[in-house]
Amino acid sequence: MTNDNDITGGDIEALTPEEVMRYSRHIIMPQVGSEGQRKLRAAKVLVVGAGGLGGPVALYLTLAGVGTIGITEFDVVDLSNLQRQILHQTSDIDSPKLQSAKESLIAHNPNVNVVEHPMPITSDNAMEIISNYDIVVNGADNFATRYLVNDACYLSKRTLVDGAILLFDGQLTVYKPGMGCYRCLYPDPPPPGLVPSCAEAGVLGAITGIVGSMQATEVFKQILNIGEPMVNRLLLIDALSMQFREMKLRRDPNCPLCGERPTVTELIDYDAFCGSPPIEVPMAAASN
Amino acid sequence: MAIKVQVTSVIQRAVDGQRELDAEGGTVAELIDNIDMKYPGFRGQVADDSGELHRFVNIYINDEDIRYLSGKDTIVSDGDIISFLPALAGGSAACIG
């Protein structure tokens, strides 16, 4: 499953005439072809969060025919989400995001299997959930979940396509196990309150589409084994100047997770690590 | 010697909202001190009270993380671009924000 050349294990079943037509603009490209399209169909991708980043990621994976798309999400749709979260509509307010996300995705492409994980991803369930997927895409909005997903992906030997946004800025990178991780980039989380959230500082809605579609692009490259992945590279996006810059991202030999003498060998209490309050599950989602 | 400094996201608040500014200094530490003299409070965004750089704010010279050079003693030269890059967490509104 983690073979560099074919992470999906392949899919020998021929494409249907409907699939050939639907994905013809992909299939016609030699980098994809029928074989590549079957790889996309065989692929299983987990998207953490169905919000600003998870929305465009899941939508482009769906449109491209990625066969299995898992989504972890427990929140309900709020009016303030609709400025940027493309899977949800005004009529979905107060409904579980997972429900509107699945409805939107299936409406776009009924061939795709959308797997619902209607709970927060935690130290107790992360390894089990992630084990069902080939690649993980992080769209989480808090540091505790970011470190959790990072650690779980490394320990599960899964590639993590990571993105983050705030204000007019975006970040994008890909972590392949053993080639650097989020802890190598940021060894410690900021103290609670020092780095504001999107709710506190704001975020340009359209930048979720920029970073989210880039994350989806990196997923396709991983599945199809084409191009140069954003491994060991950190892309910085400044939407105000529309400048894209790239920084080197190295594996830190002193990293407590992926370094030479690891001390993090299993998942920990990430709320304690980040000094953040435990995640509260909204009533509507909790009862769903 | 003027060095171009680029400031990302929330650290911009400490420099009157600028995304780019010029600063003086022969090392990263001197650069931070000089920016802090002009914009009091800047140092606190990137370092703790003892002067140790925060581990959730990365500083790059051009495209290289100074942790893999000489840290805050890394020499900066005319023409270098110094970037201050705090961790971002925005994405899904599923949790804290």
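Two residues are in contact if their C-beta atoms, placed from the backbone, lie within 7 Å. Helices (H or I, at least four residues) and strands (E, at least two) are DSSP runs, numbered from the N terminus. The structure is a predicted model, in which local features need pLDDT of at least 70 and side-chain atom pairs count only at pLDDT 80 or more, while totals for chains, interfaces and linings use all residues. Residues are numbered from 1 along each chain as its sequence is written, and chains are lettered from A and ligands numbered from 1 in the order in which they are written.

In chain B, helix α1 spans residues 28-38, and Val28(B), Leu31(B), Ile32(B) and Ile35(B) in this helix are buried. A residue is termed buried if 20 or more other C-beta atoms lie within 10 Å of its own, exposed if 12 or fewer, and partly exposed in between, with C-beta atoms placed from the backbone. An α-helix has 3.6 residues a turn, so residues three or four places apart point the same way. The partners of the buried residues of α1(B) are β1 (2-7), β2 (20-24), α2 (42-46), β3 and β5 of chain B.

Chain B also touches chain A: 25 residues of chain B are in contact with 46 residues of chain A. On the chain B side, the elements that give two or more residues are β3 (57-61), β4 (64-65) and β5 (81-86). This side of chain B comprises 13 nonpolar, 7 polar and 5 charged residues. In this classification Ala, Val, Leu, Ile, Met, Phe, Trp, Tyr, Cys and Pro count as nonpolar, Asp, Glu, Lys and Arg as charged, and the others, Gly among them, as polar.

In chain A, 9 of the 10 residues of helix α4 are buried, so α4(A) is largely enclosed by the rest of the structure. These buried residues are Gly54(A), Gly55(A), Pro56(A), Val57(A), Ala58(A), Leu59(A), Tyr60(A), Leu61(A) and Thr62(A). Their cover includes β1 (44-48), β2 (68-72), α5 (97-108), β4 (135-138) and α10 of chain A. After α4(A) comes Gly65(A), with a positive phi near 85 degrees.

Two helix pairs involve α4(A). Helix α4 (residues 54-63) and helix α10 (residues 205-224) of chain A pack at an angle of about 45 degrees, with their axes 7 Å apart. Axes are lines fitted to C-alpha atoms, for helices over the stretch in contact, and angles run from 0 to 180 degrees between N-to-C directions. The two helices α4(A) and α10(A) are therefore oblique to each other. Angles under 35 degrees count as roughly parallel, over 145 as roughly antiparallel, 65 to 115 as roughly perpendicular and the rest as oblique. The crossing of α4(A) and α10(A) is right-handed; a crossing is left-handed if the near helix is turned anticlockwise from the far one by less than a right angle, and right-handed if clockwise. Residues of α4(A) in this contact include Gly55(A), Pro56(A) and Tyr60(A), and those of α10(A) include Gly209(A), Gly212(A) and Ala216(A). By class, this contact has 6 nonpolar, 6 polar and no charged residues.

The axes of α4(A) and α5(A) come within 9 Å and cross at roughly 30 degrees. These helices, α4(A) and α5(A), are therefore roughly parallel to each other, and their crossing is right-handed. Here Ala58(A), Leu59(A), Thr62(A) and Leu63(A) of α4(A) meet Ala101(A), Leu105(A) and His108(A) of α5(A). The contact of α4(A) with α5(A) contains 5 nonpolar, 2 polar and no charged residues.

Tyr147(A) is located in helix α7 (residues 143-156) of chain A and counts as buried, with 24 C-beta neighbours inside 10 Å. Leaving out residues up to four places away in sequence, Tyr147(A) touches Tyr182(A), Pro189(A), Tyr270(A), Phe273(A) and Cys274(A).

Most residues other than glycine have a negative phi, and most peptide bonds are trans. Asn225(A), not a glycine, has a positive phi near 55 degrees and is placed in the loop between α10 and β7 (233-238) of chain A. In chain B, Asn62(B) has a positive phi of about 55 degrees and is found in the loop between β3 and β4.
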